[in-house]
Amino acid sequence: MDLILNRYRNLTALVAAILVQLVLLAYQVKSNQEVRLIRVWSVSAVTPLARLLESGRSSTVSFFKDYFVLLDVREQNKRLQADLNRIQLENQYLRSELDTSERGRALSVFQEQSRMKTVAARIIGNSPGSNGRVVLIDRGTGSGIQPGMAVITPDGIVGKIVSSYPTASNLLLITDPSFAAGVISQKNRVHGTLKGTGNSSLMVDYVQNEQTVEVGEWFYTAGDDRIFPKGLPAGTVTASGPGRTVKEIFLSPSGLQHGLEDVLVILEGDHKPIPELPVPNQSVHLQPLPPADGDPADGLSATRSSSGAQTDLDREVQHTRRIGEDQKHVFGERGRGAPDFNKIPDNKIPDNRVPDPGARPQAPQASPPSANQPRP
Amino acid sequence: MSDIPAQFSEPPRRSSVSKFKWIAIIGIPLTAILFQVYVPRFFTYLAYLEMPLLVTVYFSLMRRSPPAGVLFGMCIGLAQDSLSNHPLGMFGIVKTMVGYFAASVSQRFEANSAVLRLVLAFFFFFFHQFFYWVLARALLGEAISFEPIQTLVLAVLNAAVAVPLFHILDKLKVTE
């Protein structure tokens, strides 16, 4: 036996190995159970290496991916930075344009609504050696500006013209210590003299200690200085207290609150009464004017319409005039009576009404001759 | 008989038996199994490579010992089985036979020739695939298909990979 095994050693090893595995296989197939131990060994041997490989692979892949992505990000960052710079510049420009437009619109509205004759001007620089309390505006004597004229914004008074030149003028701001203007308080009607303090605040002088001035109270121009018309807002009281001889009242200037770039120079003032409470400069939302009939445009365009009809009354007047023109009637002439208002003008649609295309054309009505119509 | 010189007393091929470090003997089959388990996840076209088989053939050829080839084949086959979802022993039996026959062939021929390696790798791949198919049908009753043409093509590809792979593995031999 030993001789046979030694002689066929190799074959014996093969047969033994195959037999062992066949038994193993048969056991698994018959019992439907796994030889868990061998699998655990194999998996335990392979898993750390696989994990190491996966870790190395993912690290390498992520490194290269990040590297290339970062390369792209760097270029992208440059482009975005350039775009951002350009957009910031555009944004600044547009903001500036918008502010300018809003200020101009506010000034325009204020000019339209105010009965004062004003001229708009723009601050173009500070006067040298004046610590910024005197500024230069781009309107001068050529625009009718003279020294002593008041300068305002829709928010309040700004200062007065101290010198004017053909194309520019010097504007003394209300914060300058040499500035003075007569003011009156809104609630208690306390008179005083508004003076600049050299900084951002104002003070009201010559108010007796016995008089009552409340913090938050509005001061308006009194009109007695003959520079500022009466009723323009000057500022609100930020501090008020008794002084040694007179009351110490400090104001926050309302005209300088939103910066100072565009101003109105009052050429001809108009005194207004001191407004009652509530405060006049609180923002009130105004709806636009209603559109004209048949005109889908907004109120502004209606205002700008060539017909000039802004109200129903205007439209009725125009309608009446068209009827008169159609019937060759001259309004105001004696003895001619009135036109026939039931007769619609032939080629004119009243009140901008759109005719119905499907409607049958009406035969001209035989209206009885009016007594007021001129007889041939 | 005692006067015969020592260099003629033993077969000449026994002197060309290659030896490897234990780390290589364990590490290379493990790497081959790992390659087959891990790499096709990301490179599916490399799934055709039967790296454990090639390593079995290589070690069996180099050891020139059928029992060693049987042991190599059985261990690598069982390890491969244990990572698969079919019963243990299928790859084990097939690779045991491959290891045995590869070692037997190496006892007759010099296995350092690239051409012989190419032919052997081609033959053993085809044998491996065919014998596995037979075992799967006979022992497990699995109705898996066997496509000879595709198997031959894959055998060629594996043989083409085997030649440089064996050359690389030759570098890991222990030189005495």
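Predicted model: local features only at pLDDT ≥ 70, side-chain atom pairs only at ≥ 80, totals over all residues.
1. Start with the make-up of chain B. Its secondary structure amounts to seven helices and two strands, and reading from the N terminus the order is α-β-α-α-α-α-α-α-β. Out of 176 residues in chain B, 39% count as buried. Among its contacts with a separation of 6 or more, 68% are between residues 24 or more positions apart.

2. Next, the largest nonpolar core, which has 49 residues. Leu54(B), Val57(B), Tyr58(B), Val98(B), Ala102(B), Ala121(B) and Phe124(B) have the most contacts inside it. Helix H2 (9-31) of chain A gives two or more residues to this core, and so do several helices of chain B, including H3 (51-63) and H6 (114-140). The top contributor is H5(B), with eleven residues.

3. Setting aside neighbours within four places in sequence, Leu54(B) is in contact with Ala121(B), Asn158(B), Ala162(B) and Leu165(B). There is also a second, separate core of 44 residues, and Ala150(A), Phe219(A), Phe228(A) and Val237(A) are included in it.

4. Finally, is Gly223(A) buried or exposed? Gly223(A) sits in the loop between strand E9 (218-221) and strand E10 (233-241) of chain A. It counts as buried because it has 20 C-beta neighbours inside 10 Å, and 20 is the number needed for that label. Beyond its neighbours within four places in sequence, Gly223(A) is in contact with Phe228(A), Pro229(A), Lys230(A) and His271(A). Lys272(A) is 49 residues away from Gly223(A) in sequence, yet their C-alpha atoms are 9.1 Å apart.

Key
Residues numbered from 1 in each chain as written. Chains lettered and ligands numbered in written order. Helix = DSSP H or I, 4+ residues; strand = E, 2+ residues; numbered from the N terminus. Buried ≥ 20, exposed ≤ 12 C-beta atoms within 10 Å, placed from the backbone. Contact = placed C-beta atoms within 7 Å. Core = buried A, V, L, I, M, F, W, Y, C linked by C-beta atoms within 7 Å.
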